[in-house]
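Biologist: Please put the model on screen, and then let's talk through how it is packed.

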Amino acid sequence: MMNMKWLEQWFEKIEPKGKWSWLGSTYEAFHTFAFTPKAVTRAGAHIRDAVDMKRSIIIVVIALVPALLFGMWNIGYQTAMSTGTDWHWMYMWWFGFLRMLPLIAVSYIVGLAIEFAFAQYRHHEVNEGFLATGLLIPMIVPVTTPLWQLALAVAFAVIIGKEVFGGSGMNFLNPALVARAFLFFAYPTHMSGDKVWVAADLWGSDAIAGATPMGELAAGAMPTASALDMLLGTIPGSTCETSVIAIALGGLLLLFTGIASWRIMLSVFLGGGAMGLLFNAIGGTTYLDLPFYYHFLLGGFAFGAVFMATDPVTAAQTNAGKWIYGLLIGAFAVLLRVANPAYPEGMMLSILLMNCLAPLIDHCVVARNIKSRQSRLSRTSRKEAQQ
């Protein structure tokens, strides 16, 4: 700590006062990012924990790193396959890094600028939540997304998806998925098809190594990629959603640290598997006959189950509600994929739908618990009266 004394003294020196006191929210944001806040609770009973919101968000960001690094490599790999070039694996990763860097920069610059502006206007502290959201958004969109479209999507997600409801902790929709939904419905040609997933445009090539597995299924054909390829993630898709192994590494960290709910994570896969088995029993089409576990490997199912459905702000809060919430997300995701081949990726809409229903689920669970306890109390009272 002595080595950081100079930084702490520098923060104390530049603390805004007098006519600059209106910059307090911005100062507080950078100061609390570097040091633990000095503010203490003055009233009420509170339980203190070393894992505050700042550290929770940082753990989420760290958990995203495996999927991010693999996604960067896969961008280069898919481009090399499409253009017929022979690249070293390190060059593939560097190519993907250079393609991802502008997307990440635009996401953070636009999102944080809006966050800081709202914090200053409201005289509130700047919340650390966007540190994770700002990274999630570029990870779940096509690598070819124009930067101006991404900027609009981020602004829409932060303003309409979060700030109008009071900021972080008050939003009922996952902001990253709101951004993706905005892009999907506002600019569908940039979010669908096979070409949008491969960054071959830099080389002036329209060649595509092959259709995405989801695209093949939508066309009525079984995926040509093997289950192993889909597990590893060496297939075209959203920037960082393809590798189930990389996603699982991040998921294990979230579970180990207690940041994510294992009930939600497990129930999403159980719900998706149950719906997949039901369709297998019906059979008759390629999508209905698709092995149920393929749904876990395709599209954004695994990524959504690990990083999106488990968002503590927009998910159900009660333990029983978490099971119901997760089961319905998995079931609806598979249902949307199979019932509407024109929209093969159902995870985004499934999570957003259940975000809206999460408060109702918790309300029903709490109401049932209250009714159950009242019934038990009533039975106990009657037994005591009889005695």
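**Packing of the helices**

Biologist: Leaving aside its neighbours within four places in sequence, what is Phe-307 in contact with?

Modeller: With those neighbours left out, Phe-307 is in contact (heavy atoms within 4.5 Å) with Ala-63, Leu-64, Leu-136, Ile-247, Gly-250 and Leu-254. This is a predicted model, in which local features need pLDDT of at least 70 and side-chain atom pairs count only at pLDDT 80 or more, while totals for chains, interfaces and linings use all residues. Residues are numbered from 1 along each chain as its sequence is written, and side-chain values use heavy atoms, with hydrogens and water left out.

Biologist: Which residues have the most contacts inside the largest nonpolar core?

Modeller: They are Leu-254, Phe-303, Phe-307 and Tyr-325, in a core of 94 residues; such a core is a set of buried Ala, Val, Leu, Ile, Met, Phe, Trp, Tyr and Cys residues joined through side-chain atoms within 4.5 Å. Helix H3 (residues 53-83) supplies the largest share of this core, namely eleven residues.

Biologist: How many residues of H14 are buried?

Modeller: Eight of the eight residues of helix H14 (residues 301-308) are buried, so H14 is largely enclosed by the rest of the structure. Buried means under 20% relative accessible area, exposed over 50% and partly exposed in between, with a 1.4 Å probe and protein chains only. Among the buried residues of H14 are Phe-303 and Phe-307.

Biologist: And the whole protein, how many helices and strands?

Modeller: The protein has 16 helices and zero strands, taken as DSSP runs (helices H or I of at least four residues, strands E of at least two) numbered from the N terminus. Of its 387 residues, 47% are buried, and 72% of the contacts between residues at least 6 apart in sequence join residues at least 24 apart.

Biologist: Back to H3: at what angle does it pack with H4?

Modeller: H3 and helix H4 (residues 89-122) pack at about 110°, their axes being 7 Å apart; axes are lines fitted to C-alpha atoms, for helices over the stretch in contact, and angles run from 0 to 180 degrees between N-to-C directions. H3 is therefore roughly perpendicular to H4, given that 65 to 115 degrees counts as such, under 35 as roughly parallel, over 145 as roughly antiparallel and the rest as oblique. The crossing of H3 with H4 is right-handed, where right-handed means that the near helix is turned clockwise from the far one by less than a right angle, and left-handed anticlockwise. Residues making the contact include Trp-73 and Gly-76 of H3 and Trp-93 and Arg-99 of H4.

Biologist: What about H7 with H16, left-handed or right-handed?

Modeller: H7 passes H16 in a left-handed crossing. The axes of helix H7 (residues 175-186) and helix H16 (residues 347-386) come within 10 Å and cross at roughly 125°, and the two helices are therefore oblique to each other. Their contact includes Arg-180 and Phe-184 of H7 and Leu-349 of H16.

Biologist: Last one, how do the axes of H6 and H7 cross?

Modeller: The axes of helix H6 (residues 147-159) and H7 come within 8 Å and cross at roughly 130°, so H6 and H7 are oblique to each other, in a right-handed crossing. Among the residues in this contact are Gln-149 and Phe-156 of H6 and Val-178 and Phe-182 of H7.
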